[in-house]
Amino acid sequence: MTDEIPPSKKKIVKATKLVATFRNKLVAGVLVAIPLVVTIWVLNLAYRFIKGISDPFLRQVVIVEADRAHGIALKTLADTPAVGFIVTVLLLLLLGVMATNVLGKKVLGTFEALLLKVPFVATVYLAVKQVIDSINAYGNLATFKRVVYIDYPSTGAKLIGFSTGVFYDDVLGEEMTSVILPTSPNPMTGFLIIVPSRSIIVSSMTMEQATKLIVSAGLIVPRSAAAPRMRERDIPQEIGV
């Protein structure tokens with residue numbers, strides 16, 4: 001005859017499950033909110049910075065408006081809704097045109113050279129620019145050729161990487177492949193290795209699947225490569241249990 005669980009213990013188990021469910025949902029919500037909050041914060045910071053530059057010029061433009069209560073009211077463009085946003089978008093478009101234009105690149109290059117001459121400003125600028133360039137490089141999947149595996153730290157254990165180029169080394173007398181090995185979960189850092197092409201294994205994963213796998217620390221795996229879950233009876237039990 002099986003022992004029945006007392007009602008008090010059932011309530012404790014039910015409350016524990018409820019707390020665990022609440023905690024999991026809360027953590028999931030936080031993980032979803034973090035990138036949104038950071039994105040909004042960065043955009044708001046950029047908007048306020050550019051708006052702060054344009055406001056002194058916009059305040060020089062006076063607009064005459066008719067007010068029924070007070071007659072005539074004087075306002076500036078800086079006080080007009082949406083003007084700051086439009087000016088911000090136009091300035092960003094102007095920077096984008098300059099960055100993709102030969103003459104604009106020269107102007108930006110000259111301005112960048114002036115920034116690099118200022119000690120503290122140069123350090124901050126180079127650090128931020130390096131991060132942005134790294135994000136842009138990883139965002140452009142065309143930069144990489146294919147996803148590959150390398151045996152490390154022992155035979156059978158695979159290290160995932162991105163093949164970026166193939167060349168022939170006259171001294172070694174064989175074809176070599178350059179591979180970027182990103183760290184996880186932050187793929188903005190890593191190191192470059194040159195290995196014989198014969199020693200790499202080409203993966204069936206796409207660039208996007210491999211990137212998700214690295215950033216999620218292995219939590220997001222390709223559907224086609226996901227192994228079926230082991231049933232409880234398939235898991236070996238310890239002797240004596």
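Tutor: In this predicted model, a patch is made of residues with over 30% relative accessible area and no salt bridge, with nonpolar side chains joined within 5 Å.

Student: How much accessible area do the residues of the nonpolar patch on the surface have together?

Tutor: The patch is formed by Phe22, Leu26, Val27, Val30, Leu31, Ile34, Val38, Trp41, Val42 and Leu45. One of these residues, Leu26, lies in helix α1 (residues 7–58). Together the patch residues have an accessible area of about 990 Å².

Student: Does Leu26 count as buried, partly exposed or exposed, and at what relative accessibility?

Tutor: Buried means under 20% relative accessible area and exposed means over 50%, with partly exposed in between. Leu26 has 48% relative accessibility, and therefore counts as partly exposed.

Student: Within what arc do the buried residues of α2 fall, seen down its axis?

Tutor: The buried residues in α2 are Val83, Gly84, Val87, Thr88 and Met98. They line one face of the helix, because they fall within an arc of 135°.

Student: Which residues are exposed on the other side of α2?

Tutor: Exposed means over 50% relative accessible area. On the other side of α2, the exposed residues are Phe85, Leu93 and Val97.

Student: In the hairpin of β4 and β5, which residue takes a positive phi?

Tutor: Strands β4 and β5 (residues 174–182) run antiparallel and are joined by seven bridges. Within this pairing, Phe162 stands opposite Ile180 in β5. The hairpin has four residues between the strands, and the residue with a positive phi, near 75°, is Gly173.

How values were computed. Residues numbered from 1 in each chain as written. Predicted model: local features only at pLDDT ≥ 70, side-chain atom pairs only at ≥ 80, totals over all residues. Heavy atoms only, no water. Buried < 20%, exposed > 50% of the residue type's maximum accessible area, 1.4 Å probe, protein only. Helix = DSSP H or I, 4+ residues; strand = E, 2+ residues; numbered from the N terminus. Arc of directions from axis to C-beta. Patch = residues over 30% accessible without salt bridge, like charges linked within 9 Å, V, L, I, M, F, W, Y side chains within 5 Å. Areas by Shrake-Rupley, 256 points an atom, 1.4 Å probe, with all protein chains shown as cover. Salt bridge = Lys/Arg side-chain N within 4 Å of Asp/Glu carboxyl O. Pairing = 2+ DSSP bridges.
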